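Load the model in your viewer and get your selection tool ready. We will go from stop to stop, with a note on what to pick at each one.

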Amino acid sequence: MTNPAEKPAERPFRVKLRGSVLVLVRLPNKRSVRAAIHQLSTSGGVIHLEKPLDEKLEVEMIFHISKTTIRGKAQMLFPMWATQGWMQPFRFIDLAENNRELLDAKLKTFLVDGEAAMGAAAGA
């Protein structure tokens, strides 16, 4: 029997960006790959890539939401083939608290503003 005071850890809400936000993925060898963010939360997300990255590869991700730049280290998870390229999930492994708070606030605007925020995310 579980203790009612113990609440299970909630999964952060996710926002479907459908590629409207671009991300620069910096690889350990200092090369960079461009991708589009398909889905995003404060714990990770899914990006759309031309070629998949190795599972468990640790990268730096840099992207803009509205006028806010977010940087964080992420670990790539198992990629899935999509009709044009690959969908690859990732999880943040080192996202500074201030970046996490900024990201949380920006993602919440998508929930409030809906489609209006989608254009702002893309920099329109």
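A nonpolar core here is a set of buried Ala, Val, Leu, Ile, Met, Phe, Trp, Tyr and Cys residues joined through side-chain atoms within 4.5 Å. Buried means under 20% relative accessible area, exposed over 50%, and partly exposed in between, with a 1.4 Å probe and protein chains only. This is a predicted model, in which local features need pLDDT of at least 70 and side-chain atom pairs count only at pLDDT 80 or more, while totals for chains, interfaces and linings use all residues. Residues are numbered from 1 along each chain as its sequence is written, and side-chain values use heavy atoms, leaving out hydrogens and water.

**Stop 1: the core.** Select Leu40, Ile47, Phe63 and Leu103, which touch the most other members of the largest nonpolar core, a set of 25 residues. Next, colour the elements that give two or more residues to this core: β1 (15–26), β2 (32–40), β3 (44–49), β4 (58–65), β5 (68–76), β7 (85–94) and α1 (97–113). Helices (H or I, at least four residues) and strands (E, at least two) are DSSP runs, numbered from the N terminus. The element that gives the most is β1, with five residues.

Now show what surrounds leucine 40. Beyond its neighbours within four places in sequence, its contacts (heavy atoms within 4.5 Å) include Phe13, Phe63, Phe90, Phe92 and Leu103.

**Stop 2: one step back in β2.** Pick glutamine 39, which lies in strand β2. Is glutamine 39 buried or exposed? It counts as buried, because its relative accessibility is 14%. Leaving out residues up to four places away in sequence, glutamine 39 touches Arg14, Val15, Lys16, Leu17, Gly44, Gly45 and Val46.

**Stop 3: strand β4.** Six of the eight residues of β4 are buried, so this strand is largely enclosed by the rest of the structure. Strands pair if DSSP finds at least two bridges between them. β4 runs antiparallel to β5, joined by eight bridges, and it pairs with β1 in the antiparallel sense over four bridges. To see examples, select leucine 24 with its bridge partner isoleucine 62, then methionine 61 opposite glycine 72.

**Stop 4: charges.** A salt bridge is a side-chain nitrogen of Lys or Arg within 4 Å of a carboxyl oxygen of Asp or Glu, and by this rule there are three. Zoom to glutamate 60: its closest N and O atoms are 3.8 Å apart with arginine 26 and 3.0 Å apart with arginine 71. Finish at aspartate 104 and lysine 108, a salt-bridged pair at 2.9 Å; they are separated by about one helical turn, because they sit four residues apart in helix α1.
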